[in-house]
Amino acid sequence: MNPADLPRAVVRAVRCAVADGELAAGAGVPERVVVERTRPGGVGDYATPVAFQVAKSAGCAPHAVAQVLARRLAQEPGIEQVEVTGPGFLCFVLPAPTAPGVISRGIVDDIVIRDVRGGAALLSPADTAHADADASRGPRERVVRACVLRLLRTQGVHGEIGPLTVVPVAKRDGDVLTRYGRDAASWAMLAVPAGQTPAFSEALLLQSEASEFFRVRYAHARAHALVRNADELGFHPEAGDVDAPALLRALADHGLVLEAAAHHRAPERLVRQLVEVADALLDFQYRVLPKGDEKPSAAHRARLALAEAAGTVLAGGLALLGIDAPTRL
């Protein structure tokens, strides 16, 4: 099971538990649930608070709901372990990611479709104009609102987003759009929760891997360079087995991150994930092309497909943030 399949599996477990009488007939079945990567020190790989959504209408405590769902989800193929923690959180352990299960051609295609649709194309010119129209909003609120609108579009949510609590740019930072450029300034404004003050420094302008902003855009450019170089060597991407657990896991989590970022109105979650994908790709890039007298093989084609998928995720993620993704740096 891919991590992106977990929300559907959880909804299915709730629906079946109600149908079979394990939960009250009046228990509400959520249309979607949020599943997130477990925080450091937590239990399992992923967790969801779905039991709290269902408990009130089910007429029982969240822990009891979670126990019912845990028994069902433990039988799902591809879930190694399910555990109930605290007052009712469901925690999951999935098998270590491998290319056939995580980066199959279907998953790569899904990444391409999701991210092309999920980027700027989902926010129409009218939406963009509306997000920027209110002169009473400062630059940060306009940037955050536009990004949240894009994130919600990826989940099929349309319409107004209501009030957002956005701490403005500090007066001492002046006109950050002029000083740092729109892309770098937007990165800084989106990299921390909207309720916190963003930090601006000359590090945003560094063309160095010491800058997270640079690393993400550089990793995207490197993915394109790898595809160009491979084309010159006469081979092309083809999904297959790849031993790259860090990159595979980061890509497999992408759908969950988009859902959680939209649900919490939290673009900083997407920022953190793009940094994770970029760092994993930059570590992995040296294994993609043949070395010395090596001839291109199935392994090289599979590694290239993985790098290309990572580049697609980075491009789509940057588009959601409203930031340009150059193919050369």
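1. A quick definition before anything else: "buried" here means under 20% relative accessible area. Keep in mind, too, that this is a predicted model. With that cut-off in hand, have a look at H12, where His 254, Gly 255, Leu 256, Val 257, Leu 258, Glu 259, Ala 260, Ala 261 and Ala 262 are buried. That is 9 of the 10 residues of the helix, so H12 is largely enclosed by the rest of the structure.

2. Arg 265 sits in the loop between H12 and H13, and its phi is positive, about 55°, although the residue is not a glycine. Why does that deserve a second look? Because most residues other than glycine have a negative phi.

3. On to the packing. In soluble globular proteins, nonpolar side chains tend to be buried together. Here the largest nonpolar core holds 62 residues, and the members touching the most others are Trp 187, Phe 200, Leu 247, Leu 281 and Leu 321. Helices H7 (139–154), H8 (176–180), H9 (182–190), H10 (212–233), H11 (245–252), H12 (254–263), H13 (267–284) and H14 (298–321) each give two or more residues to this core. The largest share is from H14, with 11 residues. Apart from this core lies another one, of 31 residues, and Val 54, Val 68, Ala 70 and Phe 92 are among its members.

4. Not counting residues up to four places away in sequence, Trp 187 touches Leu 204, Glu 212, Phe 213, Val 216, Val 271, Val 275, Leu 318, Leu 321 and Ile 323. Trp 187 also turns up where H9 meets H10: the contact is made by Asp 183, Ala 184 and Trp 187 on the H9 side, and by Glu 212, Phe 213, Val 216 and Arg 217 on the H10 side. The two axes come within 10 Å and cross at roughly 115°, and the crossing is right-handed.

5. What does its side chain pair with? The side chain of Asp 183 makes a polar contact with that of Arg 217, at 3.5 Å. Leaving aside neighbours within four places in sequence, the contacts of Arg 217 are Asp 183, Leu 318, Ile 323, Asp 324, Pro 326 and Leu 329.

6. From H2, the contact uses Val 50, Ala 51, Phe 52, Val 54, Ala 55 and Ala 58; from H3, Pro 62, Val 65, Ala 66 and Leu 69.

7. Last one: Leu 73, which is in H3 (residues 62–73). Leu 73 is buried, with a relative accessible area of 0%. Beyond its neighbours within four places in sequence, Leu 73 is in contact with Ala 9, Val 10, Ala 13, Ile 79, Val 82, Leu 90 and Phe 92.

Methods
Residues numbered from 1 in each chain as written. Predicted model: local features only at pLDDT ≥ 70, side-chain atom pairs only at ≥ 80, totals over all residues. Heavy atoms only, no water. Core = buried A, V, L, I, M, F, W, Y, C linked by side-chain atoms within 4.5 Å. Buried < 20%, exposed > 50% of the residue type's maximum accessible area, 1.4 Å probe, protein only. Helix = DSSP H or I, 4+ residues; strand = E, 2+ residues; numbered from the N terminus. Contact = heavy atoms within 4.5 Å. Polar contact = N/O pair within 3.5 Å; in protein donor to acceptor, adjacent residues only side chain to side chain. Axes fitted to C-alpha atoms, helices over the stretch in contact; angles between N-to-C directions. Left-handed = near helix turned anticlockwise from the far one by under 90°.
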